[in-house]
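Colleague: I would like to learn how to read a few local features here. Please show me the model and start wherever you like.

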Amino acid sequence: GGVTEDYGVTVVGKEHCAGQPLEVQWKAKAGHSAIDYVGLYKEGETSYFAMQELKTPGIEGKVTFQRPKDELAGNPRLPEVPGKYLVKYHTEGKTDQIKAQSEPFDVKACPPQGPKAGAAAGGSEDKPAGEDKAGAESAAKT
């Protein structure tokens, strides 16, 4: 089906770190299906690796992709590998009923201390060694 203006999905925020929760804003037409969901995709893939049901009947809302406590190895629910990802709005619980999709967004490998690292910049901790380690890890995974 064609993508309609009634539906939309947008990833909230500009910076995205591998393994960090992703917040997604969605909008839908009134009376949309109760089993609509947002799927999370690696760019170029045709099947999602994580999904969140909307769970709210309104015409807009947010869902957050986060790591579940029972996550299985090899079955990630978040972008674990830096690269481009996107989200798609699926209706009626069907994988082939896509009403909207986001722009691709970049996921980067961020230092483990999270986005607040900027405040500590310029300290003696600021060595490129961390980057080398992250590069070696991602190379080892392929």
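Modeller: Start with Val63. Val63 counts as buried because its relative accessibility is 5%. Buried means under 20% relative accessible area, exposed means over 50%, and partly exposed lies in between (1.4 Å probe, protein chains only). Keep in mind that this is a predicted model, where local features need pLDDT of at least 70, side-chain atom pairs count only at pLDDT 80 or more, and totals for chains, interfaces and linings use all residues. Residues are numbered from 1 along each chain as its sequence is written, and side-chain values use heavy atoms, with hydrogens and water left out.

Colleague: Where does Val63 lie, and which residues does Val63 touch?

Modeller: Val63 lies in strand 5, residues 60-65. Helices (H or I, at least four residues) and strands (E, at least two) are DSSP runs, numbered from the N terminus. Contact means heavy atoms within 4.5 Å. Setting aside residues up to four places away in sequence, Val63 touches Leu22, Glu23, Val24, Trp26, Val38, Gln52, Glu53 and Leu54. Take Val38: 25 residues separate Val63 and Val38 in sequence, and their C-alpha atoms are 8.1 Å apart.

Colleague: Next, His90. Is His90 buried or exposed?

Modeller: His90 is buried, because its relative accessible area is 0%. His90 sits in strand 6, residues 83-90.

Colleague: What does the side chain of His90 make a polar contact with?

Modeller: A polar contact is a pair of N or O atoms within 3.5 Å; within protein, one must be able to donate a hydrogen and the other to accept it, and residues adjacent in sequence count only if both atoms are side-chain atoms. The His90 side chain makes one with the side chain of Tyr41, at 2.7 Å. The side chain of His90 also reaches the backbone oxygen of Thr95 at 3.2 Å. Beyond four places in sequence, the contacts of His90 include Asp36, Tyr37, Gly39 and Tyr48.

Colleague: How many disulfides are there?

Modeller: A disulfide is a covalent bond between the sulfur atoms of two cysteines. The rule asks for a pair of cysteine sulfur atoms within 2.5 Å. By this rule there is 1 disulfide. It joins Cys17 to Cys110, S to S 2.1 Å. The pair links distant parts of the chain, 93 residues apart: Cys17 in the loop between strand 1 (8-11) and strand 2 (22-27), Cys110 in the loop between strand 8 (105-107) and helix 1 (129-141).

Colleague: Why is the disulfide of Cys17 and Cys110 left-handed?

Modeller: The torsion about the S-S bond of Cys17 and Cys110 is about -85°, so the disulfide is left-handed. Cys17 is buried at 13% relative accessibility. Cys110 is partly exposed at 30%.
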